Amino acid sequence: MRAETDGNPAGADGTSPRVVVVGGGVAGLTAALRLLDAGAAVTLLEASERLGGKLRTGDIGGVRVDLGAESMLARRPEAVALAREAGLAGALQPPATASAALWTRDALRPMPKGHVMGVPADPASLAGVLSEEGVARIAEDRTLPRTEVGEDIAVGEYVAARVGREVVDRLVEPLLGGVYAGNAYRISLRAAVPQLFAAAREHTSLTEGVRAIQARTAAADPRTDPVFMGIDGGVGRLPQAVADTVRARGGRIRTGTPVTGLARIPGGWRLTTGTPAAPEALDADAVVLAVPAPQAARLLAAELPAAAADLAEIEYASMALMTFAFRAGEAALPQGSGFLVPPVDGRTVKAATFAGRKWRWIAEQEPGLQIVRTSVGRHREEEMLGRDDAELLDLARRDLRTATGVAAEPVDAHVTRWDQGLPQYPVGHLARVARVRDQVAGARGLAVCGAAYDGVGIPACVASATEAARQVLAPRPEGDPASGSSGHAGE
């Protein structure tokens, strides 16, 4: 097994430190860019032949669409700023409509306004979505004694205790499911909705806490800027644009290069790549692991077994996207950007997006087509994903027909499967992340980042990678392992 150094100086004598980033998703690419900004010599290794992770575009009926994440939270600045830095400023585009619906109680109903992750400030806003009893139950929140949340509590447990299960089952579940593909009765309030966790500690009444959150938000950011932002041509363009910027700044990117081993050596780290028959060693002064938790656990097992054990406990949800192209004249879709589906209603799809309505750039490519995205799959409820593509497409079309009346044959359709795609944030997630980061921080020249830690959205991944790049190069005295947890999650 030969060791490769790329001819870069070792870094210990004041020359550029050699840093290897493992993982070519948006987190790894961001980490590489920030390391280059700091003067490091950077090599990024991606196991697959494609960069971008869960960000990907493809053609449906000759129309370019996103086959992964389709938008970025714009009220967090990190992702939009990265897109501008990568030359996509002119391509940034807000949704043409953000008017979504809920498909519940056998009808498409407008998404209620004035809520925080489904929790309303005014019970009356949920009339029609909830039963009369469900709306009346919300009002009891004002008279109930405080619900203790301790160090953490499940979103569903806390919200149900305050305002009733109907709010959880018909609003919180579909909204959280759209982000995590998880179960609200398992997902951590502190990690997934930190503003509600803070409100739970400050206020006895949950609805009072929601009103306080809304008042603070309005006072701090009175702008009417879009909440979300897309990219003309697809958010899937972002990874390649960042990769081009990395290369332009001197970084090296190698795809088709899985990392199979990681070991400490004097002054740094040795990564093993290649095949068992032809292994290759790559030495570095520092390493950033921007891979999903299971891969990070395998790489850290020998050197940091406690961190590896915690990472191995992080579970993932799988999901599938079924994307259709219909002739516009045969598909009279309802107004709005699409709909979410509460699991309690027992449907196959959990969401549908009328992509041509939501994004002008899609409609402009081919006005004669309507593009619709649907999704299935939740954590621990993934038996549906065992079905073949044809059956998934048929089931999704059946739900679309029932919800919207569209019975047309699509001119094209495609299934995209994201196996083990979304990390779950159960109760205690932030404590687990803190333990991992404390262990990693004690190993000089090592950092971790990505969706498994501080949030699953693109801005959170960008922020996580930026912090990892800072940490991995930050000088510190011997024996002074600084805590690495940012303590933030949620989108």
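This is a predicted model: local features need pLDDT of at least 70, side-chain atom pairs count only at pLDDT 80 or more; totals for chains, interfaces and linings use all residues.
Start with the pairing of strand 17. On one flank is strand 2, residues 18-22. Strand 2 pairs with strand 17, residues 286-289, in the parallel sense, over four bridges. V20 lies opposite V287 of strand 17. V22 has L289 of strand 17 as its bridge partner. Strand 23 also pairs with strand 17. These two strands run parallel and are joined by three bridges.

Five strands make it up, in the order 13-3-2-17-23. The sheet is open, and its pairing is parallel. Which strands stand at the edges? They are strand 13, residues 252-254, and strand 23, residues 446-448. Each has a single partner strand, so one side of each lacks a neighbour in the sheet. From one strand to the next, the twist averages 15°.

A helix covers part of this sheet. Helix 1, residues 26-37, lies across strands 2, 3, 13 and 17. Its direction is at about 170° to strand 3, residues 41-45.

Next, turn to a pair of helices. Two packed helices are described by the angle between their axes and the distance between the axes. For helix 10, residues 293-300, and helix 11, residues 305-312, the axes come within 8 Å and cross at roughly 160°. Angles over 145 degrees count as roughly antiparallel, so helix 10 is roughly antiparallel to helix 11. The crossing of helix 10 and helix 11 is left-handed. Helix 10 contributes A293, A296, A297 and L300 to the contact, and helix 11 contributes P305, A308, L311 and A312. By class, the contact has eight nonpolar residues, with no polar and no charged ones.

Last, look at a single residue, V172. This valine sits in helix 5, residues 165-180. Is V172 buried or exposed? Its relative accessibility is 0%, so V172 counts as buried. Beyond its neighbours within four places in sequence, V172 is in contact with M117, G118, V119, V155, V159, V167, G177 and A184. H115 is 57 residues from V172 in sequence, yet the C-alpha atoms of the two are 9.9 Å apart in space.

Conventions. Residues are numbered from 1 along each chain as its sequence is written. Side-chain values use heavy atoms; hydrogens and water are left out. Two strands pair if DSSP finds at least two bridges between them. Axes are lines fitted to C-alpha atoms, for helices over the stretch in contact, and angles run from 0 to 180 degrees between N-to-C directions. Contact means heavy atoms within 4.5 Å. Angles under 35 degrees count as roughly parallel, over 145 as roughly antiparallel, 65 to 115 as roughly perpendicular and the rest as oblique. A crossing is left-handed if the near helix is turned anticlockwise from the far one by less than a right angle, and right-handed if clockwise. Ala, Val, Leu, Ile, Met, Phe, Trp, Tyr, Cys and Pro count as nonpolar, Asp, Glu, Lys and Arg as charged, and the others, Gly among them, as polar. Buried means under 20% relative accessible area, exposed over 50%, partly exposed in between (1.4 Å probe, protein chains only).
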